Amino acid sequence: MFELVFSRRFSMAHRLLAGGSERCALPHGHNEYVRVHLRATNPAPLDGRANMVLPFERAKKVWHAFIDGHVDHALQLGDDDPLLPWFRQHEPRRAARILITPGDPTTEMLACLLMAKLNAFLAADGGALTCAAIEIEETPTNTVRYTGDPLAVLPQPRPAPRCWWRRADTTIADT
Ligand SMILES: Nc1nc2c(c(=O)[nH]1)N=C([C@H](O)[C@H](O)COP(=O)(O)OP(=O)(O)OP(=O)(O)O)CN2
């Protein structure tokens with residue numbers, strides 16, 4: 001089976017409060033890579049003419065625009081992080097650029113949230129492709145890979161339409 005594999009780099013900052021590591025509890029940043037593996041929802045043979053699953057440009061346009069415009073340089077905070085009310089009170093315009101996760105913004109969490117978001121984009125574009133696997137390289141020595149349905153392992157803190165990762169839009173948080 002064919003897979004279309006696309007990579008994108010983004011910068012981010014986060015902190016992890018629940019994992020017990022003091023090092024990770026201070027805000028710190030990474031330059032990360034996200035690599036997605038897309039498969040045809042209904043695989044078909046090459047047609048002997050265009051010989052494509054889907055043009056690369058079509059398959060990655062919305063996704064890369066989302067990563068570049070909304071994930072790159074976002075601060076990632078868990079929904080119970082006390083920095084969130086601080087930003088909302090003192091820097092509300094910047095608070096809009098905070099990516100909010102249910103619990104700590106670990107690489108595992110980010111991988112599944114981004115995969116669910118990508119699947120929402122793909123479904124809204126006709127559903128010809130689905131994301132079969134995602135890898136996030138957090139550092140040159142640490143990568144998280146997830147295959148399968150991200151919704152099977154993500155918490156669902158609110159009804160689906162109020163979870164940003166379920167919507168085919170550019171939001172990275174819920175109000
Ligand atoms: N299961 C997880 N464990 C950790 C995560 C995570 O997302 N999932 N994240 C971190 C921190 O973000 C930390 O900054 C990165 O981890 P660390 O191993 O310290 O990274 P290094 O690149 O410095 O690792 P080296 O082995 O020294 O190269 C921690 N844990």
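In the predicted model, the ligand is surrounded by Leu-16, Ser-21, Cys-24, His-28, Thr-106, Thr-107, Glu-108, Glu-138, Thr-139, Thr-141 and Asn-142, a residue being near a molecule or strand if its C-beta atom, placed from the backbone, lies within 6 Å of it. This shell divides into two nonpolar, seven polar and two charged residues, where Ala, Val, Leu, Ile, Met, Phe, Trp, Tyr, Cys and Pro count as nonpolar, Asp, Glu, Lys and Arg as charged, and the others, Gly among them, as polar. Helix 5 and strand 5 each contribute at least two residues to the shell around the ligand; helices (H or I, at least four residues) and strands (E, at least two) are DSSP runs numbered from the N terminus.

Residues are numbered from 1 along each chain as its sequence is written. Because the model is predicted, local features need pLDDT of at least 70 and side-chain atom pairs count only at pLDDT 80 or more, whereas totals for chains, interfaces and linings use all residues.

The strands are considered next, two of them being taken to pair if DSSP finds at least two bridges between them. Strand 1 and strand 2 pair in the antiparallel sense over eleven bridges, and Ala-13 has Gly-29 of strand 2 as its bridge partner. Strand 2 also pairs with strand 5, again in the antiparallel sense, over eight bridges, with Cys-131 of strand 5 as the bridge partner of Leu-38. Strand 5 in turn pairs with strand 6 (residues 142-147) in the antiparallel sense over six bridges; here Ile-136 stands opposite Val-144 in strand 6, and the two strands form a hairpin with two residues between them.

Helix 5 has 18 residues, which should span 26 Å at 1.5 Å a residue, and its end C-alpha atoms are 26 Å apart, in agreement with this value; the expected span is 1.5 Å times one less than the number of residues. Since 13 of these 18 residues are buried, helix 5 is largely enclosed by the rest of the structure. A residue is classed as buried if 20 or more other C-beta atoms lie within 10 Å of its own, as exposed if 12 or fewer do, and as partly exposed in between, with C-beta atoms placed from the backbone. Just after helix 5, Gly-126 takes a positive phi of about 110 degrees.

Helix 2 (residues 56-71) has 16 residues and reaches 21 Å from its first C-alpha to its last, close to the 22 Å expected. The helix bends by about 30 degrees at Val-62, the bend at a residue being the angle between axes fitted to the seven residues ending there and the seven starting there. Its buried residues are Ala-59, Trp-63, Phe-66, Ile-67 and Val-71, and what covers them includes strand 1 (4-14), strand 2 (28-40), strand 3 (74-78), strand 4 (98-101), helix 5 (107-124) and strand 5 (129-139).

Technical notes:
Contact = placed C-beta atoms within 7 Å.
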